[in-house]
Amino acid sequence: RVRESGDLLLVMVDLAGASPGPYRIGLHATGNCTSPNGFPAGAPWSPPGASAPPGRLVPEAYAGTDGNVNLVARIRGVRMGDLEKRSVLVFQGDDTTPPRPDVPNNVVACGTFTRSTSLF
C-alpha cells in the first residue's frame, strides 16, 4: 500500500509466508505483471533527482522465522501520481537485477499500482 502524507510517500509492505531473510521492493517503469519472472514490469524506476538509485529507493525489509515481512518506508520526492501505470516487484534477497525474458530470478511477487476509491 502507498499513500501520501505531506511531502512524503508512505510505502507499507506486509508479506506473509516468506522465507526468512532480506527482501527488496523495487518500483518499475511499466504496470505489467503478466510474466511469472516480472520481466514485463520494465526497467527499475526512481524519480529524477532521487536520493537512491532504482532498486534501492525503498529500504531493505526482512522476514523473520515467522515468515512475515512488515515495512513502513518514508520516501521524499515521489508523489502518488508518479506511480500510476507503474509496477512494484518484490525480490527475495538483496539482488535487484532487472528481470530478463524467460530467465529465472529472485522475483517473488509483482503488482501494479491502481488508484483506490473510497466506498463511503
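Is F39 buried, partly exposed or exposed? F39 counts as partly exposed, because its relative accessibility is 36%; buried means under 20% relative accessible area, exposed over 50%, and partly exposed in between, with a 1.4 Å probe and protein chains only.

This is a predicted model, in which local features need pLDDT of at least 70 and side-chain atom pairs count only at pLDDT 80 or more, while totals for chains, interfaces and linings use all residues. Residues are numbered from 1 along each chain as its sequence is written, and side-chain values use heavy atoms, with hydrogens and water left out.

**Strands**

Helices (H or I, at least four residues) and strands (E, at least two) are DSSP runs numbered from the N terminus. Two strands pair if DSSP finds at least two bridges between them. Strand β1 (residues 2–5) pairs with strand β2 (residues 8–15) in the antiparallel sense, over 4 bridges. The two form a hairpin with 2 residues between them, and G6 in the turn has a positive phi of about 65°. β2 also pairs with strand β5 (residues 69–76), again antiparallel, over 8 bridges. L10 in β2 is the bridge partner of R3, and R74 in β5 is the bridge partner of L10.

**Disulfide**

A search of the whole structure finds 1 disulfide, defined as a pair of cysteine sulfur atoms within 2.5 Å. The sulfur atoms of C33 and C110 are 1.9 Å apart. The torsion about their S-S bond is about -70°, so the disulfide is left-handed. C33 lies in the loop between β3 (21–28) and β4 (61–63) and C110 in strand β7 (residues 107–112), so the pair ties together parts that are 77 residues apart in sequence.

**Loop residues and accessibility**

| Residue | Relative accessibility | Class |
|---|---|---|
| C33 | 27% | partly exposed |
| C110 | 31% | partly exposed |
| F39 | 36% | partly exposed |
| A41 | 0% | buried |

F39 is found in the loop between β3 and β4, and A41 has its place in the loop between β3 and β4 as well. Contact means heavy atoms within 4.5 Å. Not counting residues up to four places away in sequence, F39 touches P99, R100 and P101. With that exclusion, A41 touches H28, A29, T30, N32, S87, L89 and C110. The C-alpha atoms of F39 and M80, 41 residues apart in sequence, are 23 Å apart in space.

**Nonpolar core**

A nonpolar core is a set of buried Ala, Val, Leu, Ile, Met, Phe, Trp, Tyr and Cys residues joined through side-chain atoms within 4.5 Å. The largest has 21 residues, and V78 and L83 have the most contacts inside it. β2, β3, β4 and β5 are the elements that give two or more residues to this core, and β5 supplies the largest share, 4 residues. Not counting residues up to four places away in sequence, L83 touches V2, L9, L27, W45, V78 and F113.

**Pocket**

On a 1 Å grid over the protein atoms alone, a pocket is an open set of points where a 1.4 Å probe fits, with protein on both sides within 12 Å along at least five of seven lines; lining residues have an atom within 4 Å of a point. Grid points are joined across faces, edges and corners, and a volume is the space filled by probe spheres set on the points. The largest pocket has a volume of about 240 Å³. Of its 16 lining residues, R1, M12, V13, V88 and V90 are the closest to its centre. β2, β3, β6 (87–92) and β7 each give two or more residues to the lining, and β2 gives the most, with 5 residues.
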